[in-house]
Amino acid sequence: MAGLSLKHIYKVYEGGVTAVSDFNLEIEDREFIVLVGPSGCGKSTTLRMIAGLEEISKGELYIGDTLANDVSPKDRDIAMVFQNYALYPHMTVYENMAFGLKMHKTPKDEIKRRVEEAAESLGLTDLLDRKPKALSGGQRQRVALGRAIVRNPKVFLLDEPLSNLDAKLRAQMRTEISRLHKQLGTTFVYVTHDQTEAMTMGDRIVVMKDGFVQQVDTPQNLYHHPVNLFVAGFMGSPRMNFLPVQVEKSGAGYALRFGAYALPVPAEKNGEDVLAPHVGKAVTFGIRPEDVHDEPAFLEGAPDCTVEADVDMTELMGAETYLYLSCEGNPITARVRPETNAVGGEKLRVAFDMRKMHLFDNDTEQAILN
């Protein structure tokens, strides 16, 4: 097994287009790393450079202790699972899974053992004689995974492997891939644009934007301590609410001026008096939808954190309800209990849980406090 080390990696195409800039990451052996970000952020390009399918323009890639920049893809001991499965249509499931081993001149009895073991762990034993066209999307994806597993590689690379599946199958395959990772004890590098996949699967997540790494952290830390406005808005569904506010001094503490309201900043959020340089300045206040409350008990307990909003629309999601509100001309989404009394077209009082607030600098977009 092996870890990966990416040191100051760049990818520059002809014409000077830079797809990846100064990418640095240490991936531990057996770690599950997820690269996430919007389309065009450079995550798949990074994965392809690790696989050897794209040349590294600058920087160093180590697989284990070996400098791999000039090592051919077939000699990197890496298996890649693609978005479109890339199965051979004229071959059976067994032949597809065995193909790589045959190319490496693996003995027939060893091929049979490995394919049957992988097929059993993936629930494919009864499908080994079928051709890909006779399989569902989820079954094809499992065959693609099986073809990678039988090679027993040092590192698995998965490029948006679930994006062609429906929502139910995606959830099922997320669980399947996480189980496989634990079972195989191998390093996984997984690319997705779906932050739900990233949050539920990764040991650590690499958030990318425009070819640059924004933050590398655990799912919990990314969610609760985003380093900038982009990460805060990208991670979480529905996305974080952002409101324009001004920092004010309020007695011994601070408040955030939001139209007619002055929202108090809890003293424990302002460690080392980080707000002092921002007094009188416009900043961006962030609050997640689950931290906007309409329960009477919460409203009574936090009168200073309460605002009045217009209910534009309600969306019952089963176990919860999304409220789409307008306050002081700004949209706010609240994620509340399904028994809410909110009705579209009416006014509603909601309270922000200021213990969960975030604040961002308008110029740099960096977090001031989390």
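**Packing of helix α5 against α4 and its surroundings**

In this predicted model, the axes of helices α4 and α5 approach to within 11 Å and cross at roughly 15 degrees. Because angles under 35 degrees count as roughly parallel, α4 and α5 are therefore described as roughly parallel to each other. The crossing of the two helices, α4 and α5, is right-handed. On the α4 side the contact is formed by Gly 138, Gln 141, Arg 142, Leu 145 and Ile 149, and on the α5 side by Leu 169, Gln 172, Met 173, Ile 177, Leu 180 and Leu 184.

Helix α5 itself comprises 18 residues, spanning positions 167–184, and extends 26 Å from its first C-alpha to its last, which is close to the 26 Å expected at 1.5 Å a residue. At the start of α5, a side-chain oxygen of Asp 166 lies within 3.2 Å of the backbone nitrogen of Lys 168, and just after the helix Gly 185 adopts a positive phi of about 60 degrees.

The buried residues of α5 are Leu 169, Met 173, Arg 174, Glu 176, Ile 177, Ser 178, Leu 180 and His 181. Besides α4 (137–149), the elements against which the buried residues of α5 pack include the strands β3 (32–36), β7 (155–159) and β8 (187–192), together with the helices α3 (108–121) and α6 (195–201).

Turning to the whole protein, the secondary structure comes to nine helices and 21 strands, and 50% of the 370 residues count as buried. Among contacts with a separation of 6 or more, 67% are accounted for by residues 24 or more positions apart. The C-alpha atoms fill a box of roughly 80 × 45 × 35 Å along the principal axes.

Technical notes
Residues numbered from 1 in each chain as written. Predicted model: local features only at pLDDT ≥ 70, side-chain atom pairs only at ≥ 80, totals over all residues. Heavy atoms only, no water. Helix = DSSP H or I, 4+ residues; strand = E, 2+ residues; numbered from the N terminus. Expected span 1.5 Å × (residues − 1). Buried < 20%, exposed > 50% of the residue type's maximum accessible area, 1.4 Å probe, protein only. Contact = heavy atoms within 4.5 Å. Polar contact = N/O pair within 3.5 Å; in protein donor to acceptor, adjacent residues only side chain to side chain. Axes fitted to C-alpha atoms, helices over the stretch in contact; angles between N-to-C directions. Parallel < 35°, antiparallel > 145°, perpendicular 65-115°, else oblique. Left-handed = near helix turned anticlockwise from the far one by under 90°.
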